[in-house]
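Morning, everyone. Please have a look at the sequence and the structure on the screen, and then we'll walk through a few places together.

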Amino acid sequence: RVRGTVRSKSNPEKIKPLKDGFGSLFDQIELVEADLNNEASLMAACEGATYVVHTASPFHYKGDCVTPAVSGTTAVMKACTAHNVKRCVV
């Protein structure tokens with residue numbers, strides 16, 4: 001089972017690149033909503049996961065991108081620890 005996170009599942013424009021990229025395999029992906037700025041959403045997204053690949057980046061921020069990137073990665077690592085994830089790739 002593969003689970004991916006998106007900020008909004010209801011925005012077809014944002015989901016289209018995933019559908020295009022995964023093609024016929026897209027229906028095998030479980031999408032859940034999560035946000036780098038919302039630790040609870042990341043905690044929920046990691047629940048039940050064995051492995052996590054964290055690739056999100058706050059590229060849309062104006063100004064400081066480092067602080068939200070670090071806090072988001074820290075939140076993902078906390079979620080992985082809380083849910084006994086075997087490995088997290090950043």
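Is H54 buried or exposed? Keep in mind that this is a predicted model. H54 sits in the loop between β3, residues 51-53, and α3. The relative accessible area of H54 is 9%. Buried means under 20%, so H54 is buried.

What does H54 touch, leaving out residues up to four places away in sequence? The list is L36, G72, T73, V76, C88, V89 and V90. With T73 there is also a polar contact: the two side chains meet at 3.1 Å.

D64 is partly exposed, at 42% relative accessible area. Its side chain has two partners to point out. A polar atom of the D64 side chain lies 3.0 Å from the backbone nitrogen of V66. Now look along the sequence to M77. D64 and M77 are 13 residues apart in sequence, and their C-alpha atoms are 21 Å apart in space.

Next, a pair of helices. Two packed helices are described by the angle between their axes and the distance between the axes. Here, the pair is α2, residues 39-46, and α3, residues 66-82. Their axes come within 9 Å and cross at roughly 40°. The two helices are therefore oblique to each other. The crossing of α2 past α3 is right-handed.

Which residues make the contact? From α2 we have E39, L42, M43 and C46. From α3 we have G72, A75, V76, K78, A79, C80 and A82. Sort these contact residues by type, and you get 8 nonpolar, 1 polar and 2 charged.

Let's zoom in on A75, in helix α3. A75 is buried, with 4% relative accessible area. Not counting residues up to four places away in sequence, A75 touches E39 and L42. Now find N38. A75 and N38 are 37 residues apart in sequence, yet 8.3 Å apart in space, C-alpha to C-alpha.

N38 comes up again with S41. S41 is in helix α2. A polar atom of the S41 side chain lies 2.7 Å from the backbone oxygen of N38. S41 has 14% relative accessibility, so it counts as buried. Beyond its neighbours within four places in sequence, S41 is in contact with E33, A34 and D35.

Over to helix α1, residues 12-22. How many of its 11 residues are buried? The count is 1, and α1 is hardly covered. What caps the N-terminal end of α1? That is N11, with a side-chain oxygen 3.1 Å from the backbone nitrogen of E13. Just after α1 comes G23, with a positive phi of about 55°.

Last stop: N84. Look for it in the loop between α3 and β4, residues 87-89. N84 also has a positive phi of about 55°, although it is not a glycine. At 65% relative accessibility, N84 counts as exposed.

To recap, we began at H54, which is buried in this model. We then saw α2 and α3 cross at roughly 40°. We finished at N84, which is exposed. Thanks, and over to you for questions.

Technical notes: Residues are numbered from 1 along each chain as its sequence is written. This is a predicted model: local features need pLDDT of at least 70, side-chain atom pairs count only at pLDDT 80 or more; totals for chains, interfaces and linings use all residues. Side-chain values use heavy atoms; hydrogens and water are left out. Axes are lines fitted to C-alpha atoms, for helices over the stretch in contact, and angles run from 0 to 180 degrees between N-to-C directions. Helices (H or I, at least four residues) and strands (E, at least two) are DSSP runs, numbered from the N terminus. Angles under 35 degrees count as roughly parallel, over 145 as roughly antiparallel, 65 to 115 as roughly perpendicular and the rest as oblique. A crossing is left-handed if the near helix is turned anticlockwise from the far one by less than a right angle, and right-handed if clockwise. Contact means heavy atoms within 4.5 Å. Ala, Val, Leu, Ile, Met, Phe, Trp, Tyr, Cys and Pro count as nonpolar, Asp, Glu, Lys and Arg as charged, and the others, Gly among them, as polar. Buried means under 20% relative accessible area, exposed over 50%, partly exposed in between (1.4 Å probe, protein chains only). A polar contact is a pair of N or O atoms within 3.5 Å; within protein, one must be able to donate a hydrogen and the other to accept it, and residues adjacent in sequence count only if both atoms are side-chain atoms.
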